[in-house]
Amino acid sequence: MRAVVRVSSPSAQPLRRAALTWAGMLALGAAAVGVSALLAIRSSRRLAGPLEELAHVAAEMEGGDLTARARPSGLAEPDAVGHALARAATRIGELLRRERAFSVDASHQLRTALTGVRLELELSLAGGPQADRRAATHSALRQLDRMEITLDDLLTLARDVPEGAPLDIPALLDRAEESWHGPLAARGRRLEIEVAEALPEALGSQRAARQILDVLLSNAATHGGGTVTVRVKEAAGVVAVEVEDEGEGLPESGAEPGGDVFARRDGDDAGRHGIGLALARSLAEAEGGRLFVSRPRPHPRFTWLLAAPPSL
């Protein structure tokens, strides 16, 4: 005996089930695409905002505003670019400041040297034996050589201050003696250099050190009187260079003794204490040292503390 089982279903039901399945899959796909699109739009907007601000800041810097800065966005990459732009703007601003100051500093320093050349030539024209005129001519030529070195030093320092290296103090003092003995002697004044024994090591750029000492000696020669003394000694573990003369001293002004003499001046005041001493202090501080007035009056004394090697 055989049994036969027959199963049947309406023909429309499988089609309906397949249609519902496909519709659900399409709805889920559309929802996924929509959510992805919304997330992409949101992310692009979040990323585009900082990038647009960076482009705006870069355009402002291109226009000359080196103070423009991008606000932190919270995104690592745009913030890194913003920090790099800020560092570049700071560096460029410092270079531009030095380049602008160069013309003023060079003018002041070269004018001092030209005054020495004029004095030597005027003395030779005033009379005297032929040998004296020849000596004056040679002295004027040395002054012109000094002007060339000064110009080269200032141009290099205007672009950048080299990293500190061991400073050759004997060579520095020998050049000061050679450069300033003649001009001071022509005014009936003496230059004395005193160096203590067993000095500690000092760091600094030879170019910057030449300019600092030249400024201090020029200041003593122009505004001071009597013997000019350069004294090199140890002070609290560092090298101290003192330049003093026998003049009346500095005016009473400023929060520190003689402090106003380091203020940069323009116009009619530029011929007094100002441009040269401002340059000397900025160079000393850039080299890691200090320059200050240790005795304003009488017999004014400037003290320059040189940078020392880092302790181990």
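Student: Which side chain does R301 meet in a salt bridge with E244's carboxyl group in view, and what is the N to O distance?
Tutor: Side chains of opposite charge can pair when their charged atoms come close. In this predicted model, R301 and E244 form a salt bridge with an N to O distance of 2.8 Å. R301 belongs to strand β7 and E244 to strand β5, so the bridge ties together parts that are 57 residues apart in sequence.

Student: Are R301 and E244 buried or exposed?
Tutor: Both are buried. For R301 the relative accessibility is 18%, and buried means under 20%, so R301 counts as buried.

Student: Where does E242 lie, and which residue does the pair link it to?
Tutor: The side chains of E242 and R301 meet in a salt bridge at 3.8 Å, N to O. E242 is in strand β5 (residues 238-244) and R301 in strand β7 (residues 301-305), so this pair links distant parts of the chain, 59 residues apart. E242 has 7% relative accessibility and counts as buried.

Student: What joins R231 and E194?
Tutor: A salt bridge between their side chains, 3.1 Å from N to O. R231 sits in strand β4 (residues 228-235) and E194 in strand β2 (residues 191-195), so parts 37 residues apart in sequence are tied together. E194, at 35% relative accessibility, counts as partly exposed.

Student: How many salt bridges does a search of the whole structure find?
Tutor: The search finds 9. Through shared partners, salt bridges join R301 and E244 into one network with E194, R231, K233, E242 and R295.

Notes: Residues numbered from 1 in each chain as written. Predicted model: local features only at pLDDT ≥ 70, side-chain atom pairs only at ≥ 80, totals over all residues. Heavy atoms only, no water. Salt bridge = Lys/Arg side-chain N within 4 Å of Asp/Glu carboxyl O. Helix = DSSP H or I, 4+ residues; strand = E, 2+ residues; numbered from the N terminus. Buried < 20%, exposed > 50% of the residue type's maximum accessible area, 1.4 Å probe, protein only.
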